[in-house]
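Here is my note on the model you asked about. Please read the points with the structure open beside them.

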Amino acid sequence: MNVVQTYRYLQPSALRDTGLDLQTCGGPAANPRFCSGFLTTPAAAAAGLLAVAEVARTRYHQPVSPASLDPVVTGSQDRLRFESFSGCCGVYARMDVVPAGFDGEIVGHGTTNVDVNPPLREALARVGGIDPLHLAVGPDDLTVSTMDDTVVERKVPLPGRWLRGFAEVHVLTAGFEPRAEIPAAEATAFLRRLPSNDRSVLWAVPAGRTLRLTSRPTPGAVCLAGAGRLTALRGLLRHAHTLRVYGPAVRAGAPAVASTWELDTGALRLSLTLSPEPYRGFSGEGAALLALAGDEVIDDAQLVGALLSWEPTIDVAALADAAGLPDDRVRAALAQLGTAGRVGYDVAEGAYFHRVMPYDAGRAERDNPRLVGARALVEQGAVRRDGEHATVRGGDGDYRVRRLPDGSRTCTCRWWARHQGQRGPCRHALAASMAAAEVGV
């Protein structure tokens with residue numbers, strides 16, 4: 001399902017004599033001037049933007065013709081973020097231009113889609129050496145559209161998978177920790193050794209100043225699912241200082257998990273977050289389901305959303321204090337806001353950030369049929385609790401849900417047997433969690 005939004009561009013984006021002119025729609029006015037200034041490392045910035053655009057037009061799983069989706073750009077006080085998902089939704093790319101990378105002014109805070117068309121990609125590819133690169137998002141003069149005026153109008157379908165992907169990625173990456181950091185020379189050698197079409201699940205283990213690949217997980221290892229999906233990083237290698245790798249804690253025998261691979265130039269960071277397996281898109285991971293299950297989460301999201309400011313990062317503790325809510329409810333509210341793409345997570349900063357997008361409280365229900373099914377089971381009285389465990393009556397029989405010491409739940413249904421909890425809880429386990437929360441267990 002696509003969410004159709006109409007964007008008005010006064011003209012195509014292009015690299016002009018005055019600099020890089022990115023045409024946008026969004027922000028506080030029609031066709032606003034989003035920001036204006038020079039990128040301090042133009043060649044690196046051009047390579048990074050090309051990488052984000054390349055991910056947006058690539059389908060890594062079962063490659064077919066290129067997709068034509070526009071990256072999302074967010075301006076926030078002192079930095080810019082460019083984001084995209086691959087056509088298969090299994091790779092999330094982001095370029096963060098930090099304060100050292102931008103010499104100018106962000107005059108309007110907001111989020112919009114950026115038109116990165118073939119001529120612009122060709123122009124960016126020619127940027128090199130000391131060529132200056134000036135970024136002007138939106139035209140200098142604003143033009144109001146009337147019935148008699150004509151403007152370049154382009155309808156851009158924003159796939160519902162992207163919004164679901166935004167929601168899932170920020171919940172998953174919020175549990176990541178830094179696992180390795182290697183210098184640029186070793187990073188270059190490591191990334192260039194990777195096969196460009198490999199789709200197997202490997203594990204990267206820190207080994208001195210580099211990384212060693214194994215076929216089995218060990219404590220401290222980082223999952224590398226589909227090494228070929230890191231190809232987009234190669235264009236920035238000559239500008240990078242370090243490669244950092246992030247992931248969740250794993251143990252021997254652990255299943256495949258998501259991971260983030262980040263090149264840092266000092267002025268900008270380019271990261272790729274990979275889904276646990278090449279055929280899995282982030283839109284179906286189910287990581288946010290438990291956070292969305294609380295009865296109070298919609299009201300909390302409305303309150304927390306009203307308190308978001310345009311600081312570069314979101315301070316959860318300060319937000320909890322301002323909202324009068326405990327931290328866990330604030331994080332659940334952020335997950336709810338994430339279903340509309342309003343919240344992201346920066347693993348380098350270890351903090352949330354926000355985007356300006358319309359918030360639809362009902363989107364979480366529409367995008368998560370397991371959540372709808374679990375609520376229906378609770379409302380039907382289908383959950384019979386037995387201490388910390390439960391029996392859930394389904395359409396074709398009863399299912400036994402057991403609570404494990406770590407708080408997760410197993411189920412005897414066919415869906416859980418197939419995924420073993422790797423794609424979030426089934427509707428029976430989710431219903432058992434909801435029923436337990438109602439009585440404070």
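1. Salt-bridge network. D78, R79, R81, R94, D96, E181, R244, E262, D264, R269, D346 and E349 are linked by salt bridges into a network. A salt bridge here is a side-chain nitrogen of Lys or Arg within 4 Å of a carboxyl oxygen of Asp or Glu. The structure holds 20 of them.

2. Basis of the note. This is a predicted model, in which local features need pLDDT of at least 70 and side-chain atom pairs pLDDT 80 or more, while totals for chains, interfaces and linings use all residues. Residues are numbered from 1 along each chain as its sequence is written, and side-chain values use heavy atoms, leaving out hydrogens and water.

3. D264 bridges to R244, with the closest N and O atoms 2.7 Å apart. D264 lies in strand 18 and R244 in strand 17, so the pair ties together parts 20 residues apart in sequence. D264 is buried, at 13% relative accessible area (buried is under 20%, exposed over 50%, partly exposed in between; 1.4 Å probe, protein chains only). D78 bridges to R79 at 3.2 Å between the closest N and O atoms. D78 is partly exposed, at 28%, whereas R79 is buried, at 9%.

4. Overall make-up. The protein has 12 helices and 25 strands. These are DSSP runs numbered from the N terminus: helices are H or I, at least four residues, and strands are E, at least two. Of its 441 residues, 56% count as buried.

5. Main core. Which residues have the most contacts inside the largest nonpolar core? They are F82, L230, W261 and L272, in a core of 53 residues. Helix 1 (residues 42-56) gives the largest share, 9 residues. A nonpolar core is a set of buried Ala, Val, Leu, Ile, Met, Phe, Trp, Tyr and Cys residues joined through side-chain atoms within 4.5 Å. A second, separate core has 31 residues, including V169 and M357.

6. Helix 4. In helix 4 (residues 184-193), A187, T188, F190 and L191 are buried. The buried residues of this helix pack against strands 13, 15, 16, 17 and 18. L191 is also among the residues that L230 touches.

7. H170. This residue is found in helix 3 (residues 160-173). H170 counts as buried, at 2% relative accessibility. Beyond its neighbours within four places in sequence, H170 is in contact with residues including L334, V343 and Y352; contact means heavy atoms within 4.5 Å. H170 and F353 are 183 residues apart in sequence and 9.6 Å apart in space, C-alpha to C-alpha.
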